[in-house]
Amino acid sequence: MVLDRTAPKVRAICCIGAGYVGGPTCSVIAQRCPHIKVTIVDVNPVRIAAWNSDTLPVFEPGLDEVVKECRGRNLFFSTDIDDAIREADLIFVSVNTPTKKSGVGAGYAADLHYVEASTRRIASVSDAPKIIVEKSTVPCRTASSMRVILEANSRPGLRFDILSNPEFLAEGTAIRDLSAPDRVLIGSLSTPEGKAAARALAAVYENWVPPEKIFTTGLWSSELSKLAANALLAQRISSINAMAAICEATGADVDEVAHACGLDARIGPKFLKASVGFGGSCFQKDILNLVYLSDSLGLPQVAAYWKQVITMNEYSKARFAQKVVQTLFSTITNKKIAVLGFAFKKDTGDTRETAAISLCKDFRSENALVSIYDPKVPEAQIWLDLTEPGVVDDGQKVKQQVTIAASAIEACKDAEAVVIATEWDEFRTLDWATVYKSMKKPAFVFDGRSIVDAAALRKIGFQVHSVGKGPEIQDPVWA
Ligand code: NAD
Ligand code: UGA
């Protein structure tokens, strides 16, 4: 994007929402724009205290260094939301937009009440013009609702420009993604004011992002592009996981199939790694949101098409758990199953919608004894994820069936089977010979990420089942 030097200049930024997106994104902006004051605010004082401490609330490789460099210089974390809004020329709204749990659209629609609360707050405290940026992932046309709320609740005549600037970072690589993004997308109205606001935001990014990577669209295209990008990424994973099921039934190897397909430049190699199923806070929520949007627009066939991506993901998780039960002679009652990895992917401590939760639930329902190890997820988070306080389960019952281990070796001791749920690098290089010696026999490994050297493990004595690897590869003797 070519910059127009007449665009309003951004001197102070407020980011509402100090979560996985707001925190890293605005910390990188502070690092790359030392001339801009960046204040990240949140209603959660515990989270803000953590951002101001030596133990940040979010684990991301490289994040500590960025925060240390800028905090107290031009980067601030605060609960004083009103002050930060007043001081800012530009406000990122980076609050959570989870799937609604009740009411109209429950189970599908995005819960926009955090976005609305932030918008009302901006309207009520602002005493000067602001550029408001949707950073949260929102349904198409949310900017229009924000405008109505702003105009109805602010000083008459006060100018607000609303932009859409969806975030495409992935957890675990957030700092790399933010430092060298594939693209920065800015959606605006096509009025001169809308375009000027877009240019002001583009100027912030131009401090480190090459101009050709910053591009502008209309507001609605920008909002929809974010949902579309996540749907397309998740669709690839469900597609390769569907192939994995065929591979296991036929003797094909899903990694070979993915490689062969990915060599076609039109398909490309990325996001074709078969797995126990995708997790994370966004893929499922954003597709459900897209399904709801399609249905509300009278497009049930479109809704059904995208819904299938989620159905296939649920199937992948359930199929994997069933395989464990069937292979262990159709019963895992009182058998110890070691679950290695609890985060939804490596290099993050985030467990939202992680496949490990579904697996542990399935193993518990078969009366197994589950031992969990994850290098980054705090123990308290695992207990929280395995219980639903006040809903169906009590912590006591879970603790009779589940233990949390301090190392992978400890988790695997006396286990009948090891289940790899997250692709942490340390599981590739684990001392598998020691693990084997400490396990009950026959010792099984179920590799839900296809990361271990199955041939080497078989040499040690393990029976190995890797997702998407057919029977010849699983067990050459009986093929
Ligand atoms: P999060 O839950 O980690 O953080 C959201 C924060 O907003 C919380 O700390 C919450 O306390 C705060 N908040 C809520 N309402 C508030 C209010 N009225 N005032 C001040 N603070 C408020 O969520 P997240 O993972 O950072 O996601 C935020 C948005 O970004 C979502 O829409 C998500 O879809 C999108 N997104 C997330 C990722 C990701 O990797 N997590 C990537 C791209 C986009
Ligand atoms: C994803 C997108 O990649 C980001 O672009 C987007 O900004 C973000 O969602 C969001 O909107 O929240 P994230 O969920 O952090 O990022 O991580 P991914 O790398 O996409 O992985 C998601 C899940 O898919 C993980 O469980 C991962 O293990 C799984 N996955 C990924 C596979 O099973 N196979 C693959 O080939 C790739």
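**Buried, bridged and oblique**

Trainee: Why is Arg319 called buried?

Mentor: Its relative accessibility is 18%, and buried means under 20% relative accessible area, with exposed over 50% and partly exposed in between (1.4 Å probe, protein chains only). So Arg319 counts as buried. Bear in mind that this is a predicted model, where local features need pLDDT of at least 70, side-chain atom pairs count only at pLDDT 80 or more, and totals for chains, interfaces and linings use all residues. Residues are numbered from 1 along each chain as its sequence is written, chains are lettered from A and ligands numbered from 1 in written order, and side-chain values use heavy atoms, leaving out hydrogens and water.

Trainee: How do you know that Arg319 and Glu248 meet in a salt bridge?

Mentor: Their side chains come to 2.8 Å, N to O, and a salt bridge needs a side-chain nitrogen of Lys or Arg within 4 Å of a carboxyl oxygen of Asp or Glu. So the pair qualifies. This bridge links distant parts of the chain, Arg319 in helix α12 and Glu248 in helix α9, 71 residues apart; helices (H or I, at least four residues) and strands (E, at least two) are DSSP runs numbered from the N terminus. Glu248 is buried too, at 12% relative accessible area.

Trainee: What makes α9 oblique to α12?

Mentor: The two helices pack at about 40 degrees, their axes 9 Å apart, with axes fitted to C-alpha atoms over the stretch in contact and angles running from 0 to 180 degrees between N-to-C directions. That makes the pair oblique, because angles under 35 degrees are roughly parallel, over 145 roughly antiparallel, 65 to 115 roughly perpendicular, and the rest oblique.

Trainee: Why is Asn334 called exposed?

Mentor: Its relative accessible area is 58%, so Asn334 clears the cut-off for exposed. Asn334 sits in the loop between α12 and β9 (336-340) and has a positive phi of about 60 degrees although it is not a glycine. Most residues other than glycine have a negative phi.

Trainee: Why does Glu353 count as partly exposed?

Mentor: Glu353 has 41% relative accessibility, so it falls between the two limits. Glu353 also has a positive phi, about 55 degrees, and lies in the loop between β9 and α13 (355-365).
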